[in-house]
Amino acid sequence: MTHQYQLTGLTCGGCAATVKKVLSQIVGIQSVEINEQHDEATITMSNHVATDTLKAALASHPKYTISDKMAVQSIPSVLSTTNTFDEPEKSWFETYKPLLTVFAYIAGISLLASWQDATLNGMQFMRFFMAGFFLAFSFFKMLDIAGFADSYSGYDLLAKQWKGYGYVYPFIELALGVAYLIDFQPYVTNIVTIAVMGFSTIGVMQSVLNKQKIRCACLGTGFNLPMTTVTIIEDLLMVAMAAIMLFLM
């Protein structure tokens, strides 16, 4: 038998993974499918499992709640005669506006900082851009480290095995940002960047190729960004810039 339930508290792919893992461990549950876009859970059972049992299983994760879908939908059905509308799908630009805005700010500041005697210093531009990228992105992640760790564990290869890596990762980005800003050990800094960002790209590519509909955690949990090829390009751009800087040293 299969039943649908309404969920609350989902903010990222990691949240969906956590709820699925918890519910799947209940005796009698055969499979759990989470629809993040509609905050729904489709649960297949070998024998009936009470909703209270599902709620009790999630009690250790108070951020998430589950309820019978029919009970939740009964109220909106009464209000169906009022003026309601479905939110239109966002365009590509509207979806990625936060990410594009951050990149534009970083690029603009880097350009000004590296402009010397009416000439652009390419090496300095890349160094300042890398510094700005890691400092800004680590900042957004630190606004909700626990939420980021949950989301990151949904697709990063290492974070899947050790969730603690999701808590460490923002500080790795912070350290890289400071290193680029003060030009600390540039050879080592670029090597570490290639290793960290290159490894991160593998998990992102797997998720995109498998057509998983999960949220990207690059800007933490404050923005609802989908995981697409844009995320791959973002990571590979950092790898490419670090490699170019190494080559030009």
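Y187, N190, I191, T193, I194, M197, G198, S200, T201, V204, M205 and V208 of helix 9 meet T229, T231, I232, D235, L236, M238, V239, A242, A243, M245 and L246 of helix 10, where contact means heavy atoms within 4.5 Å. This picture comes from a predicted model, in which local features need pLDDT of at least 70, side-chain atom pairs count only at pLDDT 80 or more, and totals for chains, interfaces and linings use all residues. Residues are numbered from 1 along each chain as its sequence is written, and side-chain values use heavy atoms, with hydrogens and water left out.

Helices and strands are DSSP runs numbered from the N terminus (helices H or I, at least four residues; strands E, at least two). Helix 9 and helix 10 (residues 229-248) pack with their axes 9 Å apart, at an angle of about 160 degrees. The axes are lines fitted to C-alpha atoms, for helices over the stretch in contact, and the angles run from 0 to 180 degrees between N-to-C directions. The two helices are therefore roughly antiparallel to each other, a label for angles over 145 degrees. Helix 9 passes helix 10 in a left-handed crossing, that is, with the near helix turned anticlockwise from the far one by less than a right angle.

Helix 9 also packs against helix 8: their axes come within 11 Å and cross at roughly 145 degrees. This crossing, too, is left-handed. On the helix 8 side, Y165, Y169, I172, L176, A179 and Y180 meet T189, N190, V192, T193, V196, M197 and S200 of helix 9.

S200, in helix 9, is a handy residue to look at in the viewer. S200 is buried, with a relative accessible area of 5%; buried means under 20%, exposed over 50% and partly exposed in between (1.4 Å probe, protein chains only). Leaving aside neighbours within four places in sequence, S200 is in contact with Y152, D156, Y169 and D235.

Helix 6 (residues 145-152) is largely enclosed by the rest of the structure, because seven of its eight residues are buried. These are I145, G147, F148, A149, D150, S151 and Y152. They pack against helix 1 (13-24), helix 5 (122-142), helix 7 (157-161), helix 8 (164-182), helix 9 (186-209) and strand 7 (215-216).

Turning to the rings, a search of the whole structure finds 15 aromatic pairs. F148 and Y169 form one that is stacked, 6.1 Å centre to centre with 25 degrees between the planes. The pair links distant parts of the chain, with F148 in helix 6 and Y169 in helix 8, 21 residues apart. Both F148 and Y169 are buried. Rings of Phe, Tyr and Trp (its six-membered ring) pair if their centres lie within 6.5 Å; planes under 30 degrees apart count as stacked, over 60 as edge-to-face and the rest as tilted. F103, F125, F129, F133, F134, F137 and Y180 form one aromatic cluster.

D39, in the loop between strand 2 (29-35) and strand 3 (40-45), has a positive phi near 55 degrees without being a glycine. D39 counts as partly exposed, at 26% relative accessibility. D117 lies in the loop between strand 5 (115-116) and strand 6 (119-120) and has a positive phi of about 50 degrees, although D117 is not a glycine. At 77% relative accessibility, D117 counts as exposed.

Definitions and conventions
Angles under 35 degrees count as roughly parallel, over 145 as roughly antiparallel, 65 to 115 as roughly perpendicular and the rest as oblique.
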